[in-house]
Amino acid sequence: MKEGENLQKIAAGTQDGHILIWDLKTKCVVKEWLGNSCSSILWLHSHSPEELWTHGRHDRIKLWDISASSPKVKVQYPISDYLGFSQSHLTNVDNTKLLAIPGPNQEGVTIWDIDMKFKVCSLLPSDPTSCGSLMQVRWVKIETNVGLIVVYESGHISLWGWSNRKIISEAQVSENPICLTFDDKTQTGIIGTASEKVFLFHISNEFMVSVTKELHITNAGLSSCIIRPDGKLLVTGGWDSRIRIFSNQKHKPLAVLHYHKKTVESLAYSTSNVECFGSRFLLAAGSSDKSISLWNLFT
């Protein structure tokens, strides 16, 4: 979701590569354009009302200027021979913006300094055959330390030190990871899998990764997961079209939302108050049924 002083909007990417932006007050599409002619849009990120990052599968990472009526690409970064579904992720380290992009090949991650337009490094496991394909990547911040969590097809959870290109800590789950999220405040992460198992993990102040909990859902397969910005709720989006909500403290199921007709592909929370919905934490869910639902729950 994108928010400004007098502007509250939501952006979405489609499976055929289009990008749409809605005004939440009028509930109307205000911009639509083709962002990726090759395939689907896997990732969107905005840190200002004028710019939008997009990740097109089999294409490139692009930063769009969306202030004009016709969005234009300001800068773009290549994806090197990666054919999977991992999203990219952006962080800020000492006023340096670092972008993690899947690739090269199926196992690697490439890190770019986007202010200097400089490729910092590529992170590749020493034994790629034992890890399998890279499934998802995400930056984590614990106190003053910044690392990169990478989950692989084998179930390995690897915490990389991006500056020395070494794995700091590692754990493993018993299933194939599909989706990943992490909350810096609670130091808790979620891994959704192709099975009925959902794994919670923790990163200590010493940057040690440990799997702390195994949850079970009724129907196998998750495509998305998120932790509410205040750290109180865990939310998953399933292949069975359900949105499931758990408490983060006791890990108890609180609700199962059945609105969509197909897989819930993506989840996002607003990071500040959305006035037109009277919600501090508005949940958006995007589905392969070509619809987006908005939820104001447990506020």
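In this predicted model, serine 223 sits in strand E21, which spans residues 222-227. The side chain of serine 223 makes a polar contact of 3.0 Å with the side chain of tryptophan 239. Beyond residues up to four places away in sequence, serine 223 touches Ile178, Cys179, Gly237, Trp239, Thr263, Val264 and Glu265.

We can turn next to the charged side chains. Side chains of opposite charge can pair when their charged atoms come close. The count of salt bridges here comes to 5. Among them is the pair of lysine 74 and glutamate 51, with the closest N and O atoms 2.4 Å apart. Because lysine 74 belongs to strand E8 (residues 72-78) and glutamate 51 to strand E6 (residues 51-56), this pair ties together parts that are 23 residues apart in sequence. Lysine 74 is partly exposed, at a relative accessible area of 48%, whereas glutamate 51 is buried, at 15%.

Another salt bridge joins lysine 197 to glutamate 175, and the closest N and O atoms are 3.7 Å apart. This pair links distant parts of the chain, 22 residues apart: lysine 197 lies in strand E19 (residues 197-203), and glutamate 175 in the loop between strand E16 (166-172) and strand E17 (177-183). Here lysine 197 is buried, with a relative accessible area of 18%, while glutamate 175 is partly exposed, at 23%.

A further salt bridge is found between arginine 228 and aspartate 230, whose closest N and O atoms are 2.8 Å apart. Arginine 228 is buried, with 5% relative accessibility, and aspartate 230 is partly exposed, with a relative accessible area of 24%.

Key
Residues are numbered from 1 along each chain as its sequence is written. This is a predicted model: local features need pLDDT of at least 70, side-chain atom pairs count only at pLDDT 80 or more; totals for chains, interfaces and linings use all residues. Side-chain values use heavy atoms; hydrogens and water are left out. Helices (H or I, at least four residues) and strands (E, at least two) are DSSP runs, numbered from the N terminus. A polar contact is a pair of N or O atoms within 3.5 Å; within protein, one must be able to donate a hydrogen and the other to accept it, and residues adjacent in sequence count only if both atoms are side-chain atoms. Contact means heavy atoms within 4.5 Å. A salt bridge is a side-chain nitrogen of Lys or Arg within 4 Å of a carboxyl oxygen of Asp or Glu. Buried means under 20% relative accessible area, exposed over 50%, partly exposed in between (1.4 Å probe, protein chains only).
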